Amino acid sequence: MRLIILLFLIVVLMAACNSAVQEWEAAQQALVDYFTALSQEQYSKAIALYGGSYESLIAMNPDINSFDLDRLWVNGCTVNGLQCLAVLSATLKEQVGNTFVFTVEFSKPDGSRCVLGP
């Protein structure tokens, strides 16, 4: 779960558009596309959208070649305990330079809102 939160906070996308609104909308779409790809087991698509470190996935999967990114994500989502859920909503919280921070709600496989804690 920490990796998902970290991934969510790292999402940075510089759009080729001039408008700030278009830039954050492009970042939001990339975020949704990334988590959608993971939730639908489209790992190659998720890899193309991911811009973070694979250090945690590699550490959790010492038996997998560190260059086999598809397999690392398969294990991350099916063995290592990552919850690779679809996005229910993604709202821009703030922009710091070219970094966009979003508040994201995830949905469970049944479509209901995912809630952690009591």
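How many helices and strands does the chain have? There are five helices and two strands, in a model that is predicted. Read from the N terminus, the order of these elements is α-α-α-α-α-β-β.

**Confidence**

Averaged over the chain, the pLDDT is 85, and 83% of the residues reach 70 or more. Among the elements, helix H1, at residues 2-10, has the lowest mean pLDDT, 46. The highest mean, 97, belongs to helix H5, which covers residues 69-78. Residues 5-17 have a pLDDT below 50, and this stretch has 25 contacts in the model beyond near neighbours in sequence.

**Surface and contacts**

The chain has 118 residues, of which 32% count as buried. Its accessible surface is about 7000 Å², and carbon and sulfur atoms account for 53% of that area. Among contacts with a separation of 6 or more, 44% are between residues 24 or more positions apart.

**Disulfide**

One disulfide is found in a search of the whole structure. It links Cys-77 with Cys-84, at an S to S distance of 1.9 Å. The torsion about this S-S bond is about -80°, so the disulfide is left-handed. Are the two cysteines, Cys-77 and Cys-84, buried or exposed? The table gives the relative accessibility of each.

| Residue | Relative accessibility | Class |
|---|---|---|
| Cys-77 | 17% | buried |
| Cys-84 | 14% | buried |

Cys-77 counts as buried because its 17% relative accessibility falls under the 20% cut-off. Cys-84, at 14%, is under that 20% limit too.

Methods. Residues numbered from 1 in each chain as written. Predicted model: local features only at pLDDT ≥ 70, side-chain atom pairs only at ≥ 80, totals over all residues. Heavy atoms only, no water. Helix = DSSP H or I, 4+ residues; strand = E, 2+ residues; numbered from the N terminus. Buried < 20%, exposed > 50% of the residue type's maximum accessible area, 1.4 Å probe, protein only. Contact = heavy atoms within 4.5 Å. Areas by Shrake-Rupley, 256 points an atom, 1.4 Å probe, with all protein chains shown as cover. pLDDT = per-residue confidence, 0-100. Disulfide = S-S within 2.5 Å.
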